[in-house]
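Notebook open, model loaded. I'm jotting down what I look up as I go.

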Amino acid sequence: MKNSDKKTNRNTTTDKKRKYFVALVLLILTLFGVIIFSVMLGPVQIHPLTTIAVFLNKLGLIDANWTQATEIIVIDIRAPRILIAALVGAGLAIAGAAMQGLFKNPMAEPYILGMSSGAAVGAALVIVLGIGVGTFGALSIQVMAFVGALGTILIVYSIARTEGKVPVETLLLAGIAMGAFLYAVVSAMKFIASDEALRNIVLWLMGSFARSQWDDLYVVTPLILIGIVGLYAFSRELNAMQFGEETAMYLGVKVETVKKIILIFAALITATGVSHAGIIGFVGLIMPHVVRILIGADHHILLPASALAGAIFLILADTLARTIASPAEIPVGIITAFVGAPYFIYLMRKKKKTMSWW
Amino acid sequence: MNKLKIKPLFFKIIISKIKCRKMDTNEVKIENLCVGYKNINILNDINFLVGSGEVVGIIGPNGAGKSTLLKTITAVLRPTKGIVYLNEKDVRKMDRKEIARTMAVVPQHTLISPMFTVYDMVSMGRYPHIKNRFSPFDSARDIKITEDSMKMVGVEHLSEKTLDAVSGGERQMVVIARALAQEPKILILDEPTSNLDVNHQIKILKLVQNIVRGKNVSAIVVLHDLNTAARFCNKLILLHDKRILSIGTPREVLTIENIRKAYKVEAEVNYSKVINSINIIVLDELNGKSDDDLKNDGIS
């Protein structure tokens, strides 16, 4: 089976390169395919080639003609929604993978430090009490949810901080406690809310891309891309930390600084995602596990592959959400769990691998 | 004829200079070290030097401050007084990566993740040398050093196995290989033989000796077993009651009196020609005798 050891290791590295390359190329191609497919579907069906032509025309690469309505549907209605779903899906999945690596806990996910509840409190303040409406106008729910999410992680971080260090166990517990507390605040606000406000909160909590527009994309894109590149830059540190924080430190990792940086990037992504699309569960928890099973656990591939898989998954989920009961919309959060959970369980059983990576 | 006379002298100077340089580097020097939390002192007045090619064992009863001393040397704890020098550099003024390039630590516990292979684990030792944040692949040089480290330790055949598939003894060897991949000048090992069978105990300590001699590094090893400490260390440091009770060669340190004082046991110390080392047999604990009693007995 094996040749000399030297060859084995060299081959391993080449194999690894090939494997990473193939996985990434396949995922990127799938992502493009899914985007085109998703633009095609809706009340008005649009031919995939037309979609591609419209995009290329928009980029100034080709010149062609089609109806004004087609261009509006592709560019103004479907494209921003699909692209935001892709970015949020990518962001949540990579943040989930980084959180799982940081906490060395398979149940970690982007919302584990209470950020979703914090965002919900922000959104509920706007929906129920009208706070912030005057200041931020139409964006008030997004701005308040963003502030709520980031405020929560700041509070959780300072609660967990002792003598200049932030033990991950304490952070996890502080996050869960804070999340429960904030969820109670949201429940209290639901209780006092009017019927219409209550309906709006419940819908917001289930997540949706229905209101996504190009203006949102200009905000979401840079924030989430910064987060993704930032997290990827710390892949090696995350790998080292899988051997324990003590070992990572002896290997030269500034553990406390790295923790802080990873939390900042993950929080940026999560706050952006949750403030624009509400609480979409499951993507951040499951996608990293799927990638670990199918591709590998090295964060250099786990992080980008999770991001791509998350994008693909959330576009598909959102497409289902807007087409399955058309013209009505189903909250995308329902779809992610409804479709994602059975697939994940199937994969888990089929691979017969335990989920205890640590 | 003149030339012939000059040549050896010339070489002698060069050789002595090379030796000098080697002797100067790869050492740990500890000066007036005191460590504590708030008002509680854990270590007082620690002074010692570990030179190149030396294996220095730190021994002492539980709670004597062995772990604290290691944590201070590795810059995990900040001393309240005194300085730890790695190659004449104050460890507190070194960056974590710089420390990792100078000193490798084999900790008592390493988390084992079934996600990674032995090769992955050993190649992590290259971390402090890698500057590229974005490439997932090791350079040819990093691969070579990783392979050489695995070979030196003798775990290259395990390369592709995941870490949950190797035995406890092999795992410890893998951790040592990772330490070697750091290309350290100083090796620190915290109870490297605890929980291992006798075969792996002796294997690992001989390996440490070989590394220290072969690479002219210095090593500090915390050990519980006095016999292994006596046999494998050039120098021993016996910690007791927050201080160094005794420092020197195993024969100087492991005397009946010192063992009695530090460990509160009655022991017999013999010399074994077979292993060319002293051999300690613990007879019984000293029942109900406090330090004061021992003083009255005229031991201290």
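I use the term for a side-chain nitrogen of Lys or Arg within 4 Å of a carboxyl oxygen of Asp or Glu. Between chain A and chain B I get 3 salt bridges.

Housekeeping before I go on. This is a predicted model, so local features need pLDDT of at least 70 and side-chain atom pairs count only at pLDDT 80 or more, while totals for chains, interfaces and linings use all residues. Residues are numbered from 1 along each chain as its sequence is written, chains are lettered from A and ligands numbered from 1 in the order in which they are written, and side-chain values use heavy atoms, with hydrogens and water left out.

Next, polar contacts between chain A and chain B: 9 residue pairs, both residues at pLDDT 80 or more. My rule is a pair of N or O atoms within 3.5 Å; within protein, one must be able to donate a hydrogen and the other to accept it, and residues adjacent in sequence count only if both atoms are side-chain atoms.

Which elements give two or more residues to the side of chain A that touches chain B? I find helix 1 (5–40), helix 9 (214–232), helix 10 (235–241) and helix 11 (245–250) of chain A. Helices here are DSSP runs (H or I, at least four residues), numbered from the N terminus. Helix 1 of chain A gives the most, with 10 residues.

Then the extent of the contact (heavy atoms within 4.5 Å). I see 39 residues from chain A and 43 residues from chain B taking part. The buried area is about 3,800 Å², and carbon and sulfur atoms give 61% of it. That is the accessible area (1.4 Å probe) that two parts lose on being put together, summed over both.

Phe243(A) turns up again under a charge: the charged end of Arg178(B) sits over its ring, 6.0 Å from the centre. The rule I apply is NZ of Lys or CZ of Arg within 6 Å of the ring centre and within 35 degrees of the ring normal. Inside chain B, Lys29(B) has its charged end over the ring of Tyr85(B), 5.3 Å from the centre.

Backbone check last. Most residues other than glycine have a negative phi, and most peptide bonds are trans. Lys104(A) is not a glycine, yet its phi is positive, about 50 degrees. I place Lys104(A) in the loop between helix 3 (68–103) and helix 4 (115–129) of chain A. Ser326(A) and Pro327(A) are joined by a cis peptide bond, omega about 10 degrees. Pro327(A) lies in the loop between helix 14 (299–323) and helix 15 (332–351) of chain A.
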